Amino acid sequence: MNDEFRITMEGLADEYNKQAAQLRETYGKLNELTATAQSDDRMVTVTVGPRGQVQGIELDPRVYRKLSPSELTRSIMEQIGVATGEVSARTQELMAPLVPDGLPYEELFGEGASFESFLPQPVDLPSREPEGRR
């Protein structure tokens, strides 16, 4: 292997390792995201996790005297929406440096995206058979 090729390959490997480390760090931050939303009347507080899954709902004990069942349901759903929207916005902020310009976020990060979906897949090169075996 000549020196120029070796230097080029080392540079590519360094760049790949740097990008992979940035990806791992970002993915770690994504897995730690949570958001909490509280209704204006402070009766309902909802916390959601990194993928918008509800992690907790806290109700003020007075909520049952102040809100009807349908109002309580609506308030819970509103706070889930607010908290999920916040997690989504923070996810897009974290991912923005990793997304190529002009490529819509939604096309890259649909439902079920995982760390592995960001890494390049191995390439199988066709095997070369000796000239006489064709």
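Predicted model: local features only at pLDDT ≥ 70, side-chain atom pairs only at ≥ 80, totals over all residues.
Stop 1: Select β1 (35-38), β2 (44-48) and β3 (54-59). They form an open sheet of three strands, in the order β1-β2-β3, with antiparallel pairing. β1 and β3 are the edge strands, each pairing on one side only. Neighbouring strands are turned by 15° against each other on average, direction ignored.

Stop 2: Zoom in on β1 and β2. Four bridges join these antiparallel strands. Find Ala37 and look across to Val46, its bridge partner in β2. Then move to Gln38, whose partner in β2 is Thr45.

Stop 3: Show the side chains of β1. Which residues are on the covered face, and which on the uncovered one? Ala35 and Ala37 make up the covered face, whereas Thr36 and Gln38 make up the uncovered one. In a regular strand, side chains alternate between the two faces of the sheet.

Stop 4: Now select α3 (69-95). α3 packs on the sheet and touches β1, β2 and β3. Its direction makes about 35° with that of β2. α3 has 27 residues and reaches 39 Å from first C-alpha to last, close to the 39 Å expected at 1.5 Å a residue. Colour its buried positions: Leu72, Ser75, Ile76, Gln79, Ile80, Ala83, Val87, Thr91 and Met95. Residues three or four places apart in an α-helix point the same way, because there are 3.6 residues a turn.

**Stop 5: the core.** The largest nonpolar core has 17 residues. Which of its residues touch the most other members? Val44, Val48 and Leu72 do. β1, β2 and α3 are the elements that give two or more residues to this core. α3 gives the most, with six. Centre on Leu72. Beyond its neighbours within four places in sequence, Leu72 is in contact with Val44, Leu59, Val63, Tyr64 and Leu67.

Stop 6: Finish at Asp60, in the loop between β3 and α2 (63-66). What does the side chain of Asp60 reach? It reaches the backbone nitrogen of Arg62, at 2.8 Å. Leaving aside neighbours within four places in sequence, Asp60 is in contact with Arg42 and Met43.

Methods
Residues numbered from 1 in each chain as written. Heavy atoms only, no water. Core = buried A, V, L, I, M, F, W, Y, C linked by side-chain atoms within 4.5 Å. Buried < 20%, exposed > 50% of the residue type's maximum accessible area, 1.4 Å probe, protein only. Contact = heavy atoms within 4.5 Å. Expected span 1.5 Å × (residues − 1). Pairing = 2+ DSSP bridges. Axes fitted to C-alpha atoms, helices over the stretch in contact; angles between N-to-C directions. Polar contact = N/O pair within 3.5 Å; in protein donor to acceptor, adjacent residues only side chain to side chain.
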